[in-house]
Amino acid sequence: MEHIPQKNKFFKKQNEKPVAIVDERLQVVGMNDSFTVLFGINKTSSSIHLTDFDSFRNIDLLSCITNAFKENQEIISELTLRSKSGEKGMKITVTPSDYGAEKIRLIQITFEDCADQGVNRSSVNIYIEDKEVPSISHSVFLLKLKKDKNDFVIKLGTGSLFEKLNMNPLELKNQRLHSVFPEKELEDYVPLCHRVWDQQIEATYEGTICGLEFIASVIPAVEEGVTTEIICLVTDITDMKNTQRELERNKQKYQSLMYDHIDNIFLIDRDFIVREINSAAEKRMKITDDTLVGKDYRDFVRADRYEFTKEYLQKALAGEAQSYNTIIRNHDESESHISCTLVPIVIDGKIEGAFGVGRDITEIVKMDQKLKETAYLLEAYFNHTNDGASLLSESGLFLAMNHKFESIFGLKKEEFIGRSIQELFHEDLSPEDKEKINNALNGDDLEYLETTFRKKDGKACTVSLHISSIRSKKGIVIGIAVIVQDLSTLKTTEDLLKKSEQLALVGQLAAGVAHEIRNPLTTLKGFLQLLGEEQNASIYIELLQNELNRIEYVTGELLTLAKPQAITSKINSLKTIMMQSVEFIKIEALKNNVKIDVTMEEVACNCESHKIKQVFLNLFMNAIEAMPAGGTLTVHLEKESKKAIVTIQDTGNGIDEERLKKLGEPFYSTKEKGTGLGLMICRKIIEIHKGSLTVESKLNEGTTVRLTLPLMSS
């Protein structure tokens, strides 16, 4: 600072008021201790510009300095400036140096506190002890411009902002604005400068220069009513703008969180008063004209939840985040269950209220209640059903079972838990049943299986088994349900029923046999008495022989029905058996004027030929006897899928429905001398061969008998 004129160096020692000396570029070339203390400036800094500090970016201060330079006279003004201790009203004295032969033009600025016209010494001591260098929040530069036609020429450029722009302010002198800055960025700025020059007004402007956002203060310098130059103070506000944009984004984030959230959002103060509430909450609570803002929390919480909810609010206002469930009253007097989270709102270290997020869980609560009711019903069914029910783990170990399950196997629940169901398998359990059960335990459901399990005492127990997998939403097996029914009693009942049926059949047969045998025996008895009286008895003997033959035939059919002989099957041609049977009855058909119509395919069948031939002969004879006045017997043999189909049709008188229902019963016959055992024996033979026999008939139209036999296996 040795370039300061000698007459201006007095302030450094003699003047206790805050004093700074600046040149035309507003570079601080000298300052005393009072100045550095008042404004918190590091005295050791080099190349300090007055506009580097927020305190001196004051349009009125800069105007005083500019006018002092131009008019070369002292200017006094009262301004409010920001010192280190805050805003202060100050008396500013701007005194230009007496240039004379000196080449350097300087301004001495003296600052006085308007309140006490002096600097508080105690304050000075405090400031001196504070060694912290104040941060400069903005970079600035200052331009002095002179109008030249439609452009402006730079007369002076100074300020630290030029460093950011990679410009040397000393090289700017006498250059035009358009040669220094991009033309596009001057489109609005230059017209503003023209307006300030022409109208002699002060103006501000915000724009962008070389990628930096700035605010410019443009001040005209006027001498005798004529604008001689304009001073442009350009301040970099990029960081401030970024901060504003960030604040705006945060504001929008807050608004999105607060007002666009699908859950109930509200703010509550320390007095439990609602200060803000979002539309989702108002919609759910069915609020129309009124609002909850400004109301106490008790205006919407159900009465029996007042103290409960208040307790959580108090904890949140004490600084501890809270989560709880409560019940609120809606505007239409309905109620909603809410899961609420409270977060303290801390501003400047103080808790000002709580931020609340409420999720409506009414449907979940209702569903939970329904699930509990359903679980209760399922548990009641599980424990009281007449079937044995149990639950297994996915690995087949018992987890739970009902009392019926325990009683079926004679085991207690404690003896089941943790054991495998395979431990209940009986030694008589077939390999096929074991495989089906194991497959069911691996995920293949088992609808029904009648099998044998083992009780606690080792005895066999016949049960019906149902096994189904319990799966998660993803289809993974998480358990197995087993339903068991004890079939022991049912099997005993079935056996008794079979025996009863057999006894009834035996009684029916016995009655029929007694009836059928009694008649010929009566005849025998009568004629035997006559033989004792007649000399020539040959005619009677023949009659007795015929009756005895009939008794033999009836008893033979009974023996066949009661004790069927073992059938030895082999591969036979069904066509050959039928042709032989047809040839056998041709003479009988001719006698009765019956025409035989035969169509046959070659069909191989696993059967006992004599038994099948007996069936065909019996059915053929029945058909012929059903046509006493003659007619047509149609015999048809064909293959259908895996079966042989035999159709025997006559054109006789037919059978009515009532008699057709009893056809096949022992000793019931449509023929005068029939026993009714023939058709019954035919049906039994066909069933032994795993086939079927059906009879269809219409009165006065004829009868059709349909046989099916399985074809020879490949």
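Me: Hi! What's the relative accessibility of R245?

Reply: Hi! R245 comes out at 36% relative accessibility, so R245 counts as partly exposed; that class lies between buried (under 20%) and exposed (over 50%), with a 1.4 Å probe and protein chains only. This is a predicted model, in which local features need pLDDT of at least 70 and side-chain atom pairs count only at pLDDT 80 or more, while totals for chains, interfaces and linings use all residues. Residues are numbered from 1 along each chain as its sequence is written, and side-chain values use heavy atoms, with hydrogens and water left out.

Me: Thanks. Which residue does R245 form a salt bridge with?

Reply: That would be E213, and the closest N and O atoms are 2.6 Å apart. A salt bridge here is a side-chain nitrogen of Lys or Arg within 4 Å of a carboxyl oxygen of Asp or Glu. R245 sits in helix 7 and E213 in strand 9 (residues 212-223), so this pair ties together parts 32 residues apart in sequence. Helices (H or I, at least four residues) and strands (E, at least two) are DSSP runs numbered from the N terminus.

Me: And E213, buried or exposed?

Reply: E213 is buried, at a relative accessible area of 19%.

Me: What about K241, which side chain does it meet in a salt bridge?

Reply: E206, with 2.8 Å from N to O. K241 lies in helix 7 (residues 238-259) and E206 in strand 8 (residues 203-209), so the pair ties together parts that are 35 residues apart in sequence. K241 is buried with a relative accessible area of 18%, whereas E206 is partly exposed at 44%.

Me: How many salt bridges does the count come to?

Reply: The count is 16 salt bridges. One of them joins the side chains of K88 and D113 at 3.7 Å, N to O. K88 is in strand 4 and D113 in strand 5 (residues 106-113), so that pair ties together parts 25 residues apart in sequence. There is also a network of salt bridges linking R302, D304 and E335.

Me: New topic: cores. Which residues touch the most other members of the largest nonpolar core?

Reply: L574, F616, L633 and L693, out of 35 residues. A nonpolar core is a set of buried Ala, Val, Leu, Ile, Met, Phe, Trp, Tyr and Cys residues joined through side-chain atoms within 4.5 Å. Helix 17 (residues 609-625) gives the most to this core, with 7 residues. Apart from it there is another core, of 33 residues, including F35, F39, I109 and I231.

Me: What does L574 touch?

Reply: Not counting residues up to four places away in sequence, L574 touches V603, I612, F616, L637, A644, V646 and L709. A644 is also the bridge partner of K639, in strand 25.

Me: How many residues of strand 25 are buried?

Reply: 5 of the 7 residues in strand 25 (residues 643-649) are buried. Strand 25 runs antiparallel to strand 24 (residues 631-640), joined by 7 bridges; two strands pair if DSSP finds at least two bridges between them. Those two strands form a hairpin with 2 residues between them, and S641 in the turn has a positive phi of about 55°. Strand 25 also pairs with strand 27 (residues 702-710) in the antiparallel sense, over 7 bridges, and K643 has P710 as its bridge partner there.

Me: Where's the other hairpin, the one with K149 in the turn?

Reply: Between strand 6 and strand 7, with 2 residues between them; K149 has a positive phi of about 60°. Strand 6 and strand 7 (residues 151-158) run antiparallel with 7 bridges, and L143 stands opposite G157. On strand 10 (residues 226-236), strand 6 (residues 140-148) has an antiparallel partner joined by 6 bridges, with V140 opposite T235.

Me: Last one: how many helices and strands are in the chain?

Reply: 19 helices and 27 strands. Of the 714 residues, 41% count as buried.

Definitions and conventions: Contact means heavy atoms within 4.5 Å.
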